[in-house]
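Here is a friendly note to read alongside the coordinates. Please keep the viewer open as you go through the points.

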Amino acid sequence: MRRIALLMTTLLFALGLAGQGMAASGYAKQKVVYHVNYDNPKKQAGALRNIQNHINAVGAENLDLKVVLHGNGLAMLLNPDSLPNLPKFKHANADEQMAAKIDGLKMQGVRFQVCANTIKGREVNLENDLYDVEQGDIVPSGVAELAKLQGEGYTYIKP
Amino acid sequence: MRKNDELEINAYVDGELSDEDRIEMLAAMRANPELAREACELTNLKSQLQLAYANPPGIDKCSVSQRRSPWTAIAASLVMLSAGLTGGWMMGNSPATAERFVMLDAGGRGQAPATAESPETRIVFHLTTPDQTEAGELLADVEQMLQAYERDGRPLRVEIVSHGEGLDLLRTRLSQHQEKIHRLSSVFENLTFVACKNTIERVEISEGIEINILPDAEIIDSGVNHVVKRQKEGWAYIRV
């Protein structure tokens, strides 16, 4: 049900933006990867704001945008209730506000990729601790993914 | 003279005192002429030793620059000579940094050549934070990655460029990961630690001491230039 709702919203969003088209933004298609490996909640919210501004400037239809999270960066997607079970993290920032921002960006096609090394190394429970992360969102190594994406022509940004 | 004083005065002459300790030592020398004379004699001795051993044996970190053409080598030695002269003239101490200054060639440090089936991954990490906990996490990540690539037979080259406040990781006196850095660079030929000469010189002037860089690290002219160059050469860039 949730998936369908997400799909509908994405479609509506895409339709809405399609009217403005590429000419409006003046940007060609961009491939960008954002790197987050810090856990400061303000810095993380700032990074999400940067991404929203990026989308606003270029247009969601002109962007292939990924966020790679590893190390402390995983805090962005950690449920605050799980923090007591996660001794290797100092912050769990996926409160309602952060979750809303993440939802909004996902609806515009942003993909959040999570490092498997961190999940394993810091004993994170995929089902209970992470906000809206599925198997397909997990990459073997955050660092290797950043290198791979740059090799595929993605521009690297660390906000 | 007490043993402690002697240690302290040696540390002062070697530029290894912290700012507060140095100020305290200067005050002590003003109050005690004998102490001042001792420091002066030690400084003289030190510079005489440096003159006699302008090229201390055992530091051979120029292996990466072997493939330079003779003209590049001549140009580089001229640059090094003038850097050494200017540095020596400006700071009045040994141009240790200039002596170790290298130019890293496009490929980075030794690694098996890439093949069509397994293209080489090249990553330059740009370290600018003084936080050595973060630097430690970086080292752990990098070690994991080097091991995984080696296990799978995939070619990989990694450079860690420490620049600005990130230089602390490679400073002999401040590094908290000296042993790990030594172990990693001995085990993995495809890993290079790089220190920025601009930063070293800037810190030497502002702190008024000579900066010593771990023997496992290479020294290059500009960290910023280097990471830009690497990206142009197709290396992946990751800011720590």
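1. First, a word on classes: Ala, Val, Leu, Ile, Met, Phe, Trp, Tyr, Cys and Pro count as nonpolar, Asp, Glu, Lys and Arg as charged, and the others, Gly among them, as polar. With that scheme, the lining of the largest cavity holds 5 nonpolar, 2 polar and no charged residues.

2. Please bear in mind that this is a predicted model, where local features need pLDDT of at least 70, side-chain atom pairs count only at pLDDT 80 or more, and totals for chains, interfaces and linings use all residues. Residues are numbered from 1 along each chain as its sequence is written, and side-chain values use heavy atoms, with hydrogens and water left out.

3. Now have a look at where the chains meet. Chain B brings 13 residues to the contact and chain A brings 12, contact meaning heavy atoms within 4.5 Å. About 960 Å² is buried between them, 60% of it on carbon and sulfur atoms; buried area is the accessible area (1.4 Å probe) that two parts lose on being put together, summed over both. In chain B, the most area is lost to chain A by B:Tyr237, B:Ile238 and B:Arg239, together 36% of what that side buries.

4. How many salt bridges are counted between chain B and chain A? The count is 0, taking a salt bridge as a side-chain nitrogen of Lys or Arg within 4 Å of a carboxyl oxygen of Asp or Glu. The side of chain B that touches chain A divides into 8 nonpolar, 2 polar and 3 charged residues.

Key. Chains are lettered from A and ligands numbered from 1 in the order in which they are written.
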